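Have the 3D view open as you read.

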Amino acid sequence: MTEKTPAKGRGSASRAEAVADYCERFFGHFGAAPAASHVEDLRARTLRVAPVGDLQEFLGEKTLDIVFHASLEGDLVTPGSRLFDRMLDWLRELGRCSWVPLAARELPSRLPVGFGPLAPYQGVASLKRGTQHDLELVVQAVFVGEERHEDLVVVTLSEAGEAHTVESSVVAEVLAAGKVEPHSELAHPSQKKLKQQLDDALEWLTQWAKEQAAPREEEMLERLSTEVQRLTNYYGELIAQNEMNEDLREQLAHDLDLRVSEEVSSHRMAVEVNVVCFAVIARPVLDFDYEFEVLGKTIPMSWRVDCSDGLITSPVCPTCAEPAKTAAVCSGGEELHLACESCFGVCAVCQAHRCSDHGLVSCHIGGELLCSSCAPRCEGCGSPTRKSRLKQQDGTWLCTVCRE
Ligand SMILES: [Zn+2]
Ligand SMILES: [Zn+2]
Ligand SMILES: [Zn+2]
Ligand SMILES: [Zn+2]
């Protein structure tokens, strides 16, 4: 039997290119906006960067002319090169600065106009100073399929559990601007809470990495299917040519099975996420906590002011799922609940407090807000209106418009 197998088709992304992308992102993240010169051919790709601040001191260079191929003159970045190792060291160094308390710019004594409980819910909040602990992680995501591909990403996880990738590191920015409060009295998170946050972040990252891998995996599976088809055809022809030789035919069929299972196992995508470093960002916050007595029950509403940057976190309106800058209480459901300005209204007839999910409508004639018990529908046009605007005419309840 002649052992003649055709050449394999492979994806074009090479490892060195992945390193080049990684490098570009690294300098982008850490405040050394790269003046990139993109050239299709990696052998000619160079990257000029001007590290600033601590990174400049750390690397000991004002400018770097980075190359990704050993045949070129310049600062070589490839796994194992000196500069590549220094880049990883920098990430570890950053990891040491894992406690980043932010300074408070101002401590407001009241919420800014446009925030807070909606009339008629006026009340005095109890003010509580506190610390919000957000996490920032620098993560290396590794995708191994036919090729190995690495990605460097910065991820933040807020105390409330919201995670997302960010363009640039808040920690690096804060450090560069010298905004860390050295004598901060902000509370550290408990070990238990920190562990929980890290677990949450890792869970999110694993899911994120799978999503990132999915399109690559799909492409790879397409190539796998082509490859399997090609092998099947190739061996099929050989088998057909050797119709009389049963031993050889069996041998060929066996070889085909072997080749296919080899291909299948080389087309599996493995995804790995490694946390290179993480930092706890401690934000000084003020909570404006309101409590309202409604129908004998107490319902809380809170707005949080981040005193480091003035950003306000509003409670979320369950009716429209948007942050409620101003909010009130709807009593139309089984449970009392908060409702934002756009979803809330007081019935003009019975003064019931309702949201749009619990029967709040506006009269199609006068435009005033009505609850469902005070807004029967006109039997002529089907629109809701006040009872007082309906009159019976020939046995049908009609609104003022339909009676004209
Ligand atoms: Zn709403
Ligand atoms: Zn009503
Ligand atoms: Zn409601
Ligand atoms: Zn009508």
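## The big picture

Keep in mind that this is a predicted model. If you look at contacts between residues at least 6 apart in sequence, 54% link residues at least 24 apart.

One open sheet is built from three strands in the order 6-13-14, with mixed pairing. Strand 6 (116–117) and strand 14 (337–340) sit at the edges, each pairing on one side only.

Zoom in on strand 13, which covers residues 326–330: strand 13 and strand 14 run antiparallel to each other, with four bridges between them. As a landmark, find Ala327, which faces Cys340 of strand 14. In general, strands in a sheet pair through backbone hydrogen bonds, in either a parallel or an antiparallel way.

## Two loop residues with positive phi

Ala321 lies in the loop that links strand 12 (312–313) to strand 13. Its phi is near 65°, a positive value for a residue that isn't glycine. Is Ala321 buried or exposed? With 9 other C-beta atoms within 10 Å, Ala321 is exposed, because the cut-off for exposed is 12 or fewer.

Now on to Gln351, in the loop between strand 15 (344–346) and strand 16 (353–355). Gln351 is another non-glycine residue with positive phi, near 65°. Gln351 has 10 other C-beta atoms within 10 Å, so it counts as exposed.

Methods: Residues are numbered from 1 along each chain as its sequence is written. Chains are lettered from A and ligands numbered from 1 in the order in which they are written. This is a predicted model: local features need pLDDT of at least 70, side-chain atom pairs count only at pLDDT 80 or more; totals for chains, interfaces and linings use all residues. Two residues are in contact if their C-beta atoms, placed from the backbone, lie within 7 Å. Two strands pair if DSSP finds at least two bridges between them. A residue is buried if 20 or more other C-beta atoms lie within 10 Å of its own, exposed if 12 or fewer, and partly exposed in between; C-beta atoms are placed from the backbone.
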